[in-house]
Structure formats: C-alpha cells, structure tokens
Amino acid sequence: MGWGSDPEGDVMVSIHRLLAVLLVSLPLLATSPARADDAPDPFIGLASQNFDIVANAISALAVSGHPQAAATIAAIEADNLYVDAAGDGAPLILIKQGDSYIDARTGQKASDINEDDVDSVRVNNAVRRAIEAAKGGLDLFAADADTRQKAAEKVFTSHDPAALPLLARAIAAEKDAGAKRAMQQAQAASLLAGDGGSDAERVAAVAILRLRGDVEAKSLLQSLHDQSKPVAAAIAAATSSLARIEQLWSVLQSVFYGISLGSVLLLAAAGLAITFGVMGVINMAHGEMVMLGAYTTFMVQEVIRTHAPGLFGASLFIAVPLAFLVSGIAGILIERCMIRFLYGRPLETLLASWGLSLILQQGVRSIFGSSNREVGTPEWMSGAVQWGGLVITWNRLTIIVFAVIVIAALMAVMRGTSLGLRMRAVTQNRRMAAAMGIRTPWIDALTFGLGSGVAGMAGVALSQIDNVSPNLGQGYIIDSFMVVVFGGVGNLWGTVVSAMTLGIVNKFLEPFAGAVLGKIVVLIALILFIQRKPRGMFPLKGRAVEQ
Amino acid sequence: MSRVLSSRPSVGRWLRSTALAAAALVSATAMSATAHAEDTIKVGILHSLSGTMAISETTLKDVMLMLIDQQNKKGGLLGKKLEAVVVDPASNWPLFAEKARELITVDHVAAVFGCWTSVSRKSVLPVFEETNNILFYPVQYEGEESSKNVFYTGAAPNQQAIPAVDYLMNEDHVKRWVLAGTDYVYPRTTNKILEAYLKSKGVAAEDIMVNYTPFGQSDWQSIVADIKKFGSAGKKTAVVSTINGDANVPFYKELANQGIKATDIPVVAFSVGEEELAGIDTKPLVGHLAAWNYFESVKSPANTAFIKEWHEFTKKPNRTTNDPMEAAYIGFNMWVKAVEKAGTTDQTKVIDAMIGVAVPNLTGGISTMMPNHHITKPVLIGEVKGDGQFNVVWQTPGTVVANEWSPYLEGSKDLIADWRHPLFCGNFNTVTGKCGGASK
Amino acid sequence: MSRLSTSICIGLVLVGVGLMAILNLSTAAGAPLHVPTYAISLVGKYLSYAILALAVDLVWGYGGILSLGHAAFFALGGYAMGMYLLREIGPRGVYGNALLPDFMVFLNYKALPWYWNGFNHPAFAMAMAVIVPALVALIFGYFAFRSRVSGVYLSIITQALTYALLLAFFRNDMGFGGNNGMTDFKDIFGLPLQADSTRVGLLVATAIALCLCLLVARYVVTSRFGQVLIAVRDSESRTRFLGYRPESYKLFVFVLSAIMAGIGGALYVPQVGIINPGEFSPANSIEAVIWVAVGGRGTLVGAVLGAVLVNAGKTFFTGAFPEFWLFALGFLFILVTLLLPKGVLGLLQKKTGGRV
C-alpha cells in the first residue's frame, strides 16, 4: 500500500496515521461535531477502485466526527456498503437495508436506485485492517473495560511509537487493572520500538515485557538491535529468561495437543472397544458409524438453519443423542441382519463388514453428494483462551470434556446397570448366561447397538474438526483398531490409556520428526510393542483369553 | 474352516465348474467385441466417482455431461451426436490407466476428458501416447510436462503461484513466508519454484519456512501454532498453502480457532476453491486468499449464462462452480472448435488443429491454445467472503502464457515445448539444441 | 485342494493364455477372433493379482495367519521392478539425464541415492523383487511368531506394517518418487513395453509364474510340512505339545508367501505401467483377503478363481455402472460371506457332489 515510504506492515501504518489524526481531533470530538462543509468529503474515497484510497477514506471517516461514520464503517464490515456512480455528481454511497438503500451521507432513504448501477465497496485485507485500526484506536477510550483491554492489545501488536501520548492519556484515565496492565505493556512495546526514552525508562520497559512472558514479547525483544549497552544487557537477560519460560510452556502446550489428539482417537475408538473389544466382532464398518453420526449433525444443523436459527448454539446438544440413536439403530440392524450369522467366525465378519462399509459410503455419496457438507461451529465453541503461554482452543477443550463424559457414561453403563451386567455375562460365558434366563441374541444386538451409538456420538465431535464427507470414517478406522489393540482388547481403561499415550507421543515426536515421520515412528513402535506384549498394555487375564 | 476339503475328482463335470473362471478370463475379450456405432462421436470421461478423489472429480463429470448435452442441442458435431462414455477409475491410479485404455481401445472414444491428480495423469500418459489419443486435463498442476497427446487447460505454476506471491509482496508488503503443503509432487515443485523466486526477490532464507504434511492430515494444532510463532517475529507474514483437498477443512478450522485472522497472517491457497469452501463456515476465514483463473463471483455475461445452465442442468440452484470446471469448459470448446477446423475427429489431425484455437473463457476474455499445449489464462486473486464466495481483489491486465518448464528450476530452465512442425518436441533443450529424452 | 482342481486350473490358465496370445499376435485388429491388447494387459493384471491371492491363501488358508498386510510384499516386489524399469529408461527421460530418473531431476537430486545402485541390472532387480519382501517378512515374522502374536493382534499389526510403509513411500524424501511413484516406463529387458509381443510375453510369463507358484504351494501344503502347518492352524497349542515348533512352520510359510507376493508385484508393474504408494494402502491388503474368501479359503485354486472373478467384476462394473459399482461389490462380499462360507469353489464342489 502506498501509504508511506516505510511499509512496515499495514496495521502499524494505519494506526500511526489514525492516532496522529485522533490526537489532534480528540478534544474536538467531545465538544462539537465537525463541520462537514469545510472538510473534504470523507465518503468520496470509499467509491474508489483503489484499496489504498478506500482504506485512507475509512481512517479519515473514523476521525471526521461525521454522525454517519460509525454506521458506515459498520456497513463496510458487514459487506453492506454500496456505491452508485451512475449520477453526474459525486458517487452515491449507499447502505443496503433489506431490499432498499439508505444514503450513507445523510442517513435518509435513497430512491430511484437502479440495481445495475450499484456495486459493493471494494474490500481487501488492507481495508479490513483500516477498519480494525479505526475501531481499535477509538476503543482505547471505550466505556467497556474489556474493549479497552483488547484495544490495548492491538496497540501492543503494532507497537507504534506514535501511540505513546495517546497511551499515556489512556493509562492516566484507566481504572481497570487488567486494561491498565495491557496499556502499560503496549506503552513499553511502543517505547522500545522507537528511539525515545532514557536508558532507565527503556530498561524498565524491557522489564515489563519480561513480566509479560509470552512469545510475542520475546520476538519483539529479539527484533531490537543497536541498543545502548545497559538496554542491550537487559534485553539479552530478558530474552534468555523468556526462552526458558517458553520452553516450559511449549512442553505443556504439547501435552495439551497430545491430550486433545488422544481424546479424538479415544472417541473414535470407544465404540470399537465395545464391538471389537468386548464382543470380538471385527467391524470394518465402524468408521461408517462415525460418519453417520457426523451426517446426523449436518442434518440437525440444516433443519435448525431453516426452521429455528435461534437454536443453532444448541445444535450439537440436539445432535449428540440423535447421532447415538441413528448409529445405534443402524448397529442393531447390522447385528440382526448380518453379524449374528457370523458369530464364531470373526474373520468373516471382517469381510462382510468391509462390504457393508463400501455400501454405506456409496449410499451416503448417492444421497448427500460426494462433496464436503458444512457443519458449523457454535459461537461458544469458537476461538481460544490464552492461559499464560498456553493457547487452549474451545473446540478442542470441548472435545476433551466430551470424551471424558462419553467414557464415564460408557463405564457406568457397563458396570452399573443391569444391561451392562448382562452384556458382560453374555460375552464371558454365553451358555451360562442363557441358562440364567438372559436373552442372549437381544443382548448381542443391544451391545452392538451401544458400540455403534458411541461411534455415532464420536461423529458429532469429529464433525467439528474434520471433513464431513463420505470418506470421513475411513480415515479413523486403522487408528481406532491400533488404539484398541495397543490398550488391550476388552479393557476400556486400556483403551483410554492407549489413546492418550499415542496422542501425546505423536505430538512430542512431531516437532522433531515432522508429521509424517512421527506417525511412522509411532506405528513401528506399536508393532515392536505388540511383539513384546502380544495382548496389549492391559491384557485380560483368565480362561476367556484362549478362545 | 478347519476341515480339510478333500474329495475324489470326476472329469465329466469340471467343464461346468470352471465355466465361471473361463467367462472371467474372456470377459474383456467379449467386451471389446461389442460393435461400436458409427453414428455418434464418443467422448470419454475419466473422473473418479468413488474413493478419496470423488469429492472433487464428480463435479467435473457432471459439467462434462452438461457440455456434451448442450453441444447435442446445438446439433452435435460434424453432423453427428456426441455420446459420453463415463467410467469410474475409483481414485485408484493403476485403474486410471486401465480405464483409459478401455475407453480408447474398446469404446473408441475420439477424446478423453479427465484426471485430477498428477499421479493419475502420469499413470494414463503412456497409454495416450501409445494409442495416440487426446487427453484434456483441467486442473492446475506443477508443470514440468508437455506431451503431444495431452492438452493442459489448468494453470501452470506461473499462472497461479507466482502472481499470488507478487500480489502479497507488493500489495500487502509481506516479508516472511510459510510454504505449507501436502507432501506430494505438486506442492514440492511449486514450493521449489516459489523458494527460488522469493530468493531472487531478496527474501532471506530464514524468512522462509517450509512445512510438509501427509495426505488427509487432520490434526493441525501444532503446525498452526508454529505458523503463529513464525509470524510473530515482527515482519508481515503470509502462508502460501498448497495443502491438498481433505486436509484443508481441518486446517482452516484450526486457523479460525487459534484466532489467526487474514488481517494478521493471510493464507493464500492454490487448491482451495468454492467447492472446498462449501464444507466450512467461512465467516472466520474472511480475507484469506486464493489464486485461480476463474471465480464463480466473476461478473461476465458468459459466466452468468454458464452458472444458470449449470443450475438448470443439475437441478440444484445452489451448486457452486469452480476453476477446474471453467478449465473443462474451455478444453471442451477448444476440442469442438479444433474438430470443426480439422473436419474430422482423427486424433493426429485434431492435435495439429488444436494449436492456435481460441475460445472465450468465463471471465470475459479469450483463452488460446499455445504450441506448448497449455492455454493462456488471466490470473485472479480472490479473498474469501462470508458466504463462501470469493471477492476478486486483483487480476492480471491480460492473459498469461504458461511456463510449462519452469525457468526457476535447475533441470528445466533450458527446456521449451513446441508442438508445431518442424520442431514438434515437448522438451527441446535450447542449449544443446536437442529434443531431450524420448524421441516423440 | 484336490489334485484335479489344481490341474484344471493350471490347464485352464495355460490354455486360455496361450489362446489369447496366439489370437492377439496372429490376427489383425478388427478380425472377428482378434484379442485386443487391452485384454492382454487386463488378464495379465488379474493373473498378477491371482499370485497375490495365492500367497494370501497359503498363509491364511493353511497357516491360519490372517495377514492384512500382504499387499505390502506385493508392492515391494513392484517397486523393485519399477526401479529397474526407471533405470532402463536411461537418457530417454524428459530431462535427458542419463543417470537420474525424471522425478529426481526436478526435485534437484544431485546424485543417485545409494540404494538405487545396481537396479540397472535386470538380474539384480529381479533378485531384489524377491529378496526384499522375503527379508521384511522374515524380520517381521520372526519377531511376531516368536512372541506368539496371533489372531486379530497379528492382523492388526500387519495392517500397521503396510500403513507405515505407505506413509514412508509417500514421503518424497525417501527417494522413491513420493505420491507419483514411478511411471512412463519404456523398455523391459531391452524390449519396448508398448509392443504387443512384449505384452503377450509378459502375460505368458505371468501365467507360467502363477502355475509354478500354484504347484509349489500345492507341493508345500500336501507335504509332511503342510500337514503340520494345517495342524498348527487348527490347534497351535496341541501341535506345540506334540513337540513341533509352530513358529518355525509359520515363519517359513510366511516368508514363502511374501516371496510369491513379491513375484506377483514384479509382474504386475510392467503390465499396468505404474507403481506408487497407493499399492501399500491397507484397503488393498483387505481386498486381497476378500478375493480368497470369495474364491474359497484353503483351496489354493479358489484364491486364483476369486482374484480373477472379483477383479473382472470390478472392471465390468466400473465401466457399466460407474455410479453404483460399489453397491454391487459390497453386496457381493456380504452375500459370499453369509451364504457361501466356502466361497465359489465350495459352491462348485457342492454342485458337483464334492468331486472338484
């Protein structure tokens, strides 16, 4: 962007300009509205085809004090601002409202607009940055402390020395501790980025950044060169201490990533731990049960989008039981129509269920099409929270919690309910169980349905992080079998430990070996481990083992 | 399964028992015996309808069926109706070669439209050269190839990657680059070219980070965190993504969740179009970029008409269009024109007639088939919008000619392709003056 | 299993292939009895798969080892052949580099990786096509059988093995051409690969290899060794108590089977014209097991029959019903397992009163 000879990133440039204008006009803002007749029309730039001019116009508009400024900027952000250059005079700037247009300059309804002459205002990343900066600079004095803190964070990122006077004023007026700290950090960053301040002030600024203790502070300090001796020494000490802190955090971060990957594996494998682990059925269509769950989520969201958009935030809560039912019923049908004829021939079930998985994939492809389906993420699951040097994304955290709930519920069912008791009885000694009056075929069907239903619930979780496509299930089937076998067949705890181990090991290997090699190493380690302990980490003991 | 099957044989009945096996052995023979009708011109469509690539390729099959249908409504070609022969190579690369051979030698198609991945094209290439048939390949690819029998209507790297990098460098003042890709030949080659190009523009080696991930990578947590860290060094950073297909959705979801916005670290992708975005909520991705030669949002009469016909043909008013579809559209129209020019579907004559054929593209310009069997294309940079479409923020003033052999790669900088006589060579070495390698 | 069905199978394969060869070479294209070259390579492919199926049946049907990773041995054999065929191209690649294959030139390799040495000699490459799978099987099998990994555990780790190899060969840094693998071969043993006579030659070679493998397999399973092997399959612990060492028997048959799979792979590559990591995909190994199940497990001939049947069906359905062929294939697998536990051969035997 041609905003200056020094293109050091657009955020910085735009904030720089904005703050400069703000400083001049701030006192003015409070007292009287700017007189529009004298100033050049700030709207005219918005009609330009050139992004620089549009961005400049936004910065100018933000500080013009024009009564329509806020509404206009909001309209650009929402893609609702249009230009009509058909007339003779200055082009009309229009805000779209439903089917009609409002003149952005006057706020009045515009009439006689020909749709063919109307074009939307051109927006790109530079323009979007100008919008952010426009809002950010103003936000330092916003009424809400949270907004002020966020604005200060933005200034920290841009660390523009021109912001210093503004920051000083904002700090003086600040009551909220959090916002104040953020502003002081921004002030320190801005001070160090420029040449101003005495050595003592600069050393104090380094200390503030050192206290902040995150990656950004470290990379900012590292980017400083040609400092005076005491400052350079302080920076060197600070960066090395920050590097140590960062290392510590990065270990924690990897553990989080590992647990998160582990819980995805666990969810995918939990159903298999029942159908394969407890019942001994090698169900190659397990991945397709997961896929059914994901498509159920898609259907639920589709219905909500068209009939009850307000419920979108709750869509996943509705999807979880439904996915359980859909996949569970599918599982019961599969057991009744196919698997039950193949008991005692585990390897044949492998082949038949492989055929079934082909049919299910192609069936979904025929019904929903082969392209990905969009499953949205509810607002409450988006974004991340920063905790020290740890970045925790809400969707991953939700999946971890969900995995814990699913496993706890599964264990409760298996251990605490009469259904679970019967399931265990039937799988341990079918004849004896039948003699005790248990309807073994019915229990078989229910057990298989339970495992499939759990797979369906996993599908809801996976729809949040992966493609919802007919191939969804295939990507997880091998990993799921590995998890169950590594943990020890028939042992739910084993599955939990194994999923977490594989997840964490994978995430610790990744930085050194790369994603591909890391996975290969894990697979080879798994093969070697099975050689040492042929029945997994937690083998079942007793006579049932020798089938 | 434990019982050993043993029994006394009887010669008399073995004929019946082996009938099936015999039938299987000669089934291929029988298929070839089906008489091919002479009153239609057959066109082969070789796109995966199942397996991992079905996600992208099914659309191209549909668009080809639409184009053939339209041509027939206009009266066909050379007075004959066109007939589509659809087969499913099932995302299986050897099967691509087998199906290509089936289309050519059993169905006697006049030309084949197909393939998406480079490996599928490489797999069928020898078949087309051996049988002297024609393949139209509609997808952007890594270049480094020019075959007599293949017409490449997708972009070569200089028609997509280099303009995109130029845009970020000049308009967004990007100083630090992450080249992230799936570990296969297209990203590897494109990144090699980009690395050489960036270095030639004065970018230091420590300001380039290259990262490869396996196909279908679904866990992007640590890689996105690394990108974030790399981008926090104070210089404006951008990601150039050659991440393939399935891996994109989880990648973008992770970007959105870790809060990387396009205004902080823009991602420019070469394999992400309208079709891929259909599976993601694009609101958090607004502003990320893609470089293509066509976007659905381009306003031109030809495009409006094309989209309308597409919706009518598929009976789905929301179905998106994308760049490879435009490439298929251009390729098909070029073939029709070349057949009309040659007055026959004879492949040798059509191949000669193809060079110089010019047809309108969907962005309001004209694309021409060049002697290197690649076409001229405009390059468009689009930013993702909240509705899953792209907003064109920049485009080349005219069309760009493809560099089938990249000047930025050591091995190919001296090579050119020119399929006009007398040179008639796909890899002519301008230094040694020899038509390298195979004598085609 | 019976001697007669084996003879019938061998006779059928040799006569059928011989007939095809003669009809292809002696009649002109378009003649009523002409067998097109397309059919030649297609049947060649089926027969290569049949060798793989035979290998699977040997370990699964007789040794009770359900290997879900046999396609890995097939692919390793194929890669050895592919490396030879690439070296054979010599300076005729697109870059005209006499030493380096094309993919190495544009990925900027300066020298040939050491493990590519020797592959320009056909004999060395052919030896490697057998030795490498055998070695992998030996090492893998030694550890697995020694520690008595069996049943589904073994099946799963064989899947892990082929999956790990798949990922490894996908890596471009491995120097095997990454995802694209190897293709655009020109000659084999100095003969042009695109010539009809070479194709017919390859088909005949495949047919002979298949028959030899069938004879070897039959010899093994009917020998004393085979009796013990069947005993191991039916009750490993009882056999152990009788003083045999089941792991040695399993290891031998596993390695033998890997060698056969490698031969199949080496014959497969020149006929389909490409080898890439997709051949290692776990689904391929499962499919090979399915061929055996469809044909009839533990019969050897059934494996051959199954491989040819399923693949011919695939060829037919992918062309005739491109949108629905997966349904057909899926139902076929389900129906065969539910209704024909002994496979198609079992059905034939029932129909013929158990005589074949």
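**Salt bridges and a buried helix**

The side chains of K61(B) and E323(C) come together in a salt bridge, 2.5 Å from N to O (a Lys or Arg side-chain nitrogen within 4 Å of an Asp or Glu carboxyl oxygen). The pair crosses between chains, from helix α3 (residues 54–73) of chain B to the loop between α12 (301–320) and α13 (325–339) of chain C. Helices are DSSP runs of H or I with at least four residues, strands are E runs of at least two, and both are numbered from the N terminus.

This is a predicted model, in which local features need pLDDT of at least 70 and side-chain atom pairs pLDDT 80 or more, while totals for chains, interfaces and linings use all residues. Residues are numbered from 1 along each chain as its sequence is written, chains are lettered from A and ligands numbered from 1 in the order written, and side-chain values use heavy atoms, without hydrogens and water.

**Salt bridges**
- K61(B) is buried at 6% relative accessibility (buried is under 20%, exposed over 50%, partly exposed in between; 1.4 Å probe, protein chains only).
- E323(C), at 31%, is partly exposed.
- R101(B) and E130(B) also pair, with their closest N and O atoms 2.9 Å apart.
- That pair links helices α4 and α5 of chain B across 29 residues.
- Over all chains, the count is 46 salt bridges.

**Helix α4 of chain B**
- Of the 14 residues of α4(B), 13 are buried, so the helix is largely enclosed by the rest of the structure.
- R101(B) is buried, with a relative accessible area of 10%.
- Just after α4(B), H108(B) has a positive phi of about 55°.
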